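Please consider the following sequence together with its three-dimensional structure.

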Amino acid sequence: MRNISRLYGRGKGKIVTQTSCFDSKRPVQIRRGRSMPHWQQLGTLTHITTRLADSLPQNKLAELNAIRNEFCSRYPEPWTRDIDMAYKAIISDKYERWLDSGYGACELADERAIDIVADTLKFIDGIKYDLYDYIVMPNHIHMIIAPFEDVDLIMQSIKSISSRKINTALGRKGALWHREYFDHLIRSVSEYERTAYYIRHNADVLK
C-alpha cells in the first residue's frame, strides 16, 4: 500500500456542526451539467469526486448513460432534491467501484502529480472554499469542501492549475481531467463522518 500520508489530507475546515450541513430552508442553486444536475449551497459541506479524462472506458460510460436514460424516462427533469439524491445513490456504487478498478493511464499515481493536486487544493483553501478532507487516487480525487463561490468555477480553477503543472511535470499534452464531476450536499454531521471515513480509507483499495 502506498503511503497514506501522501494521498490523504485535511485542510483548514472548521469543526463540523449541523449548521455546516445542508439546510432546506436556505437558498439552493441548481446548475444543469452534461450528465446530471449540480446542487450547491454556499457554505455547505459538499462531497466532490472528479476523475481523469480516460478513467472510465466507453462500455462503462454507455452503461451509466443507459441508467440515466431509464431513470429520466421515469422521472423527467427538473428533479427535486430527493430525486437527485436517488439518482446519485443508484449510480454512485458503480461509479466508485469502476474508478477504484484503475482504468486509464492513472497519471495521479505519480508522486509528482499527487503533490501538485494536494498543493493546488491547499493553495485556494480559505480563498474559494474551506477544505476539509481529500484523497488523491490514481485516476480520481475525492474532496469535502464548504464553497464560498460557485462550485463549477472552483472546479475549473482546480483543474486548470493542476493540469497545467502535471502536464509539464510528466511531459504530457492534452486534456487531463474529465469535464464533469460528481457532487453531493452533506445533510448531517454523521453523514460527514461517514463520508470522511470513506475518503480516508479509499486508499485501502491500493493494498
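Predicted model: local features only at pLDDT ≥ 70, side-chain atom pairs only at ≥ 80, totals over all residues.

A residue is called buried when its relative accessible area is under 20%, exposed when the value is over 50%, and partly exposed in between, with a 1.4 Å probe and protein chains only. Residues are numbered from 1 along each chain as its sequence is written, and side-chain values use heavy atoms, with hydrogens and water left out.

The aromatic contacts come first. Rings of Phe, Tyr and Trp (its six-membered ring) are taken as a pair if their centres lie within 6.5 Å; planes under 30 degrees apart count as stacked, over 60 as edge-to-face and the rest as tilted. Two aromatic pairs are present in the structure. One of them joins Phe71 and Tyr75 in a tilted arrangement, with 4.9 Å from centre to centre and 40° between the planes. Phe71 has 6% relative accessibility and is therefore buried, whereas Tyr75, at 32%, is partly exposed.

The pair of Tyr132 and Tyr192 has ring centres 6.0 Å apart and planes at 70°, so it is classed as edge-to-face. This pair links distant parts of the chain, since Tyr132 belongs to strand E5 (residues 129–136) and Tyr192 to helix H6 (residues 189–201), 60 residues apart. Helices (H or I, at least four residues) and strands (E, at least two) are here DSSP runs, numbered from the N terminus. Tyr132 is buried at 4% relative accessibility, and Tyr192 is buried with a relative accessible area of 8%.

The cysteines may be considered next. A disulfide is a covalent bond between the sulfur atoms of two cysteines. The criterion applied is a pair of cysteine sulfur atoms within 2.5 Å, and by this rule the count is zero disulfides. Cys21 is buried, with a relative accessible area of 1%, and Cys106 is buried at 15%.

The charged side chains follow. A salt bridge is a side-chain nitrogen of Lys or Arg within 4 Å of a carboxyl oxygen of Asp or Glu, and by this rule there are nine salt bridges. One of them brings together Asp133 and Arg10, at 3.2 Å from N to O. Asp133 is buried, at 2% relative accessibility, while Arg10 is partly exposed, at 41%.

Lys14 is exposed at 53% relative accessibility, whereas Asp130 is buried with a relative accessible area of 9%.

Glu149 forms a salt bridge with Lys128, and their closest N and O atoms are 3.2 Å apart. Glu149 lies in the loop between strand E6 (140–147) and helix H5 (151–170), and Lys128 in the loop between helix H4 (111–123) and E5, so parts that are 21 residues apart in sequence are tied together. Glu149 is partly exposed at 25%, and Lys128 is buried at 19% relative accessibility. Finally, a network of salt bridges links Arg6, Glu111 and Asp115.
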